[in-house]
Amino acid sequence: MTTSLVESGWQYLVTHFSDFQLACIGSFVLHESVFFLSGLPFIFLERQGFLSKYKIQTKNNTPAAQGKCITRLLLYHFCVNLPLMMASYPVFTAMGMRSSFPLPSWKEVSAQILFYFIIEDFVFYWGHRILHSKWLYKNVHSVHHEYATPFGLTSEYAHPAEILFLGFATIVGPALTGPHLITLWLWMVLRVLETVEAHCGYHFPWSLSNFLPLYGGADFHDYHHRLLYTKSGNYSSTFVYMDWIFGTDKGYRRLKSLKEINDLKQT
């Protein structure tokens with residue numbers, strides 16, 4: 001039943017829209033919808049003080065700071081992201097991206113997305129770590145770190161050069177495999193939800209980091225935002241094994257151990 005619904009929906013899309021429209025405009029609309037619908041609730045939570053016991057930092061962002069973030073994001077998305085998607089279309093089609101039937105099997109989709117996560121983690125880690133070098137941090141990456149107390153939408157608040165630089169980590173996997181567009185869309189949705197969650201500023205009992213081994217999540221990445229660039233560490237994207245391998249999460253692990261010891265003493 002589910003398969004037939006997906007196929008029917010996809011049949012409607014490929015019948016009424018061209019490959020270019022689906023790959024560029026469709027991807028952009030999907031991205032904006034998922035990003036803002038998942039990120040905006042955290043602004044509401046912070047303003048109203050709801051679920052404050054799960055908030056990682058006690059500090060809140062002002063409405064003016066939140067508004068600045070949204071305004072800049074709209075500017076970046078329409079002036080950087082959308083043109084980039086349109087410019088990338090010939091590259092992806094040349095590498096085998098398609099929107100036609102048959103749709104890929106769930107095994108193919110799962111294998112490709114797993115590959116994308118693995119390669120994105122590797123490329124993002126090194127790119128992010130390079131951005132914390134003195135010159136690049138001062139001139140590029142410091143824009144993203146304007147928000148020492150992150151909230152969901154700050155995940156994509158960055159210098160245009162960083163958007164292009166780290167965006168490569170997200171597209172390199174699909175560029176290598178030439179996926180079906182439906183796989184690319186699912187990858188984009190998962191990646192957006194992950195990065196919004198990592199920047200949300202809340203650590204809930206139901207947060208994925210409580211259940212998935214090596215998953216970073218908000219607690220891991222929040223530490224990265226509230227420390228000075230020379231001491232931050234925690235450069236990983238989705239999973240944290242790169243920081244563990246190269247020892248760039250030692251400060252965070254030490255802090256977690258001290259907190260666990262203090263919690264035990266208080267019980």
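Predicted model: local features only at pLDDT ≥ 70, side-chain atom pairs only at ≥ 80, totals over all residues.

Student: Okay, what makes Leu51 buried, exposed or partly exposed?

Tutor: Leu51 has a relative accessible area of 38%. That value falls between 20% and 50%, so Leu51 is called partly exposed. You'll find Leu51 in the loop between H2 and H3.

Student: What is the phi of Leu51?

Tutor: Leu51 has a positive phi of about 55°, although it is not a glycine. Most residues other than glycine have a negative phi. Asn234 also isn't a glycine, and its phi is positive, about 50°.

Student: Where is Asn234, and is it buried or exposed?

Tutor: Asn234 sits in the loop between H8 and helix H9 (241-246). Its relative accessibility is 0%. Since buried means under 20%, Asn234 counts as buried.

Student: How do you know how confident the predictor is in this chain?

Tutor: By pLDDT, the predictor's confidence in each residue, from 0 to 100. The mean pLDDT of the protein chain is 93, and 96% of its residues reach 70 or more.

Student: Which residues does UniProt mark as "transmembrane region"?

Tutor: The unreviewed UniProt entry places that feature at residues 20-45, 73-97, 109-127 and 163-188. Such annotations may be inferred rather than shown by experiment. In the model, residues 20-45 are 100% helix and 0% strand, with end C-alpha atoms 38 Å apart. Residues 73-97 are 88% helix and 0% strand, and their end C-alpha atoms lie 28 Å apart.

Student: Let's look at Asp222. Why is it called buried?

Tutor: Its relative accessible area is 1%. The cut-off for buried is under 20%, so Asp222 is buried. Asp222 belongs to helix H8 (residues 217-226), where nine of the 10 residues are buried. Among those buried residues are Gly217, Phe220 and His224.

Student: What does Asp222 touch, beyond residues up to four places away in sequence?

Tutor: Asp222 touches Ile56, Gln57, Pro150, Ala198 and Gly201.

Student: What makes the pairing of Asp222 and Gln57 a polar contact?

Tutor: Their side chains are joined at 2.8 Å.

Student: How do you know whether Gln112 is buried or exposed?

Tutor: Gln112, in helix H4, has a relative accessible area of 13%. Again the value is under 20%, so Gln112 is buried. Beyond its sequence neighbours up to four places away, Gln112 touches Thr177, Pro179 and Thr183.

Student: What about Leu13, then: buried, exposed or partly exposed?

Tutor: Leu13 is at 22%. The value lies between 20% and 50%, so Leu13 is partly exposed. Leu13 is found in helix H1 (residues 2-16). Leaving aside neighbours within four places in sequence, Leu13 is in contact with Leu22 and Trp185.

Student: How much space lies in the largest pocket?

Tutor: About 1000 Å³. Of the 40 residues that line the largest pocket, the closest to its centre are His31, Glu156, Ile163, Gly167 and Thr170. Helices H2 (19-48), H3 (63-94), H4 (106-131), H6 (160-177) and H7 each give two or more residues to the lining.

Student: One last thing. What kind of peptide bond joins Phe101 and Pro102?

Tutor: A cis peptide bond, with omega about 5°. Most peptide bonds are trans. Pro102 is in the loop between H3 and H4.

Terms used: Residues numbered from 1 in each chain as written. Heavy atoms only, no water. Helix = DSSP H or I, 4+ residues; strand = E, 2+ residues; numbered from the N terminus. Buried < 20%, exposed > 50% of the residue type's maximum accessible area, 1.4 Å probe, protein only. Contact = heavy atoms within 4.5 Å. Polar contact = N/O pair within 3.5 Å; in protein donor to acceptor, adjacent residues only side chain to side chain. 1 Å grid on protein atoms, 1.4 Å probe; cavity = no way out; pocket = protein on both sides within 12 Å on 5 of 7 lines; lining within 4 Å. Points joined across faces, edges and corners; volume = space filled by probe spheres on them.
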